[in-house]
Amino acid sequence: MSFIADKQTIDDLNIFGRHGRNCVYALFNRTMTRGGSLLLEDMFRSPLSDSDEINARSGMIRYFQEQKIEFPFRNEIFDIIDNYLSNVDTRTQLAAENNTLKRKVNNMLGADTEYEQLHKGVLATIEFLCTLQDVVKEIKPDSPYRPTADKMAEILEDARIANVYGERGRKKLAYEKTADYDRVLRYQFRDELKKLLSHIFLMDVYITIAKVATERDFCFAKAIESDRKTIKMEGVYHPLLKKAISNDIDINPENNVIFLTGANMAGKSTFMKTFSIAVFLAHMGFPVPAKSMTFTASRGMFTTINLSDNINMGYSHFYAEVMRVKKVAQEVGHARDLIVVFDELFRGTNVKDAYDATVAVTEAFAANKNCVFIISTHILEAAEELKHRCDNMNYIYLPTVMKDGVPTYTYKIAKGITEDRHGMIIIRNEHILDILAEGKIG
């Protein structure tokens, strides 16, 4: 079963971004083949929720990292092979009797483009098979990749392609040989070739992600089997920020509701995105931007960090918030094993309603101890009230440090509830009241 993450969550975490740039996906999108790139995108759209599957993928990527394996093929051949195999029109199949004088003359004049494309496809496919044969032989018996290598070796030993290995390194083939190989490769052996290519596209992804892990010093998260919901991160940081500040977080059933406070610009939203991106990547079996991470797999994650009005539906910001909370509440009731992240509940309404709703919704969420919740707010009184209502709250805040009357931010989590109230200080520092008093508006 796949890990659930809806569009709001994907957008909040900037998984794909706009035009695929400066986003989480772009950090990893460096595959050598188009097939590998498509497979990578599919992995991002379908994270895993099974611990064994997560650890298996993570372990395979780590193997390629430790062995420092390079992609062994010329990436140019894959587009050629793709075009070659996509041509399934039997009328284009080469035959010995078609090797007429006219065809030979056209070939000499460079006019027989259809034949040249097929000849090019045959040579690229032979190069692929010969290189793959070498790769399979080099995989050690104790390698975790050996079972996959054995599957490929069995296909490569098919008698129908026994002769291709004798063409290793050839730049040109006689027409009759090209016709024979084309008949086998493009028609008889087509399905087997597709299977081999799918294995290599996956290898491409493994090698690519392994290199990213090494270059960025990402760690491999460990999914653990436990009845107790656990997420422990050490030194986790936002992978898209330069000089990102790292933090530690330790969540268990006794403190599965994180109540986060802090001033504006203190880093609350960034921390929530940092946490959620690490969770998302960990459920893919991919390396995460942290020193270490262990977790019990969840069925999905829902975040509400950058929620906007829904003009098409006629929703105000507050009503959009209400509908989002309703959707998440329904998902929690259905799945009962989710990670939920809300940045400033009910900011679109008055302070009294926001206080009442934040306390009531947070208390209701806290009753489900098999989920993880992170909720941020500026309404500090709500935190004080929840202390009396819930015994599984973990209060953390992001501090503000005043330097010469100017607020600065550590971006490091501290235990407790913030006492920072610096809104008026910032307003005064920007001389807004002075400007208004002096009549200098505009």
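Helices (H or I, at least four residues) and strands (E, at least two) are DSSP runs, numbered from the N terminus. By that scheme Y411 sits in the loop between β14 (406-409) and β15 (414-415). The model is predicted: local features need pLDDT of at least 70, side-chain atom pairs count only at pLDDT 80 or more, and totals for chains, interfaces and linings use all residues. Residues are numbered from 1 along each chain as its sequence is written, and side-chain values use heavy atoms, with hydrogens and water left out.

**Backbone angles**

- Most residues other than glycine have a negative phi.
- Y411, which is not a glycine, has a positive phi near 60°.
- The relative accessibility of Y411 is 38%, so this residue counts as partly exposed; buried means under 20% relative accessible area, exposed over 50%, and partly exposed in between (1.4 Å probe, protein chains only).
- K243 also has a positive phi, of about 55°, and is not a glycine.
- The loop that holds K243 runs between β4 (231-236) and β5 (247-251).
- K243 is exposed because its relative accessible area is 81%.

**Salt bridges**

- Side chains of opposite charge can pair when their charged atoms come close.
- The structure holds 25 salt bridges, each defined as a side-chain nitrogen of Lys or Arg within 4 Å of a carboxyl oxygen of Asp or Glu.
- R160 pairs with D158, and their closest N and O atoms are 2.9 Å apart.
- R160 also forms a salt bridge with E192, where the closest N and O atoms are 3.1 Å apart.
- E192 belongs to helix α10 (residues 190-216) and R160 to the loop between α8 (146-156) and α9 (175-188), so this pair ties together parts that are 32 residues apart in sequence.
- R160 is partly exposed at 36% relative accessibility; D158 is partly exposed at 21%, and E192 is partly exposed with a value of 21%.
- E384 and K387 meet in a salt bridge through their side chains, at 3.8 Å from N to O.
- E384 and K387 are three residues apart in helix α14 (residues 380-389), so about one helical turn separates them.
- E384 is partly exposed, with a relative accessible area of 40%, and K387 is partly exposed at 45%.

**Nonpolar cores**

- A nonpolar core is a set of buried Ala, Val, Leu, Ile, Met, Phe, Trp, Tyr and Cys residues joined through side-chain atoms within 4.5 Å.
- The largest core has 107 residues, and those with the most contacts inside it are F28, F44, F128, L129, F275, F286 and M293.
- Helix α10 supplies the largest share of this core, 13 residues.
- F28 is in contact (heavy atoms within 4.5 Å) with L40, F44, T208, I209, V212, F218, L281, F286 and P287, when residues up to four places away in sequence are not counted.
- Another core, of 29 residues, lies apart from the largest one and has F302, A366, A383 and I417 among its members.

**Position of D11**

- D11 is part of helix α1 (residues 7-12).
- Its relative accessibility is 43%, so D11 counts as partly exposed.
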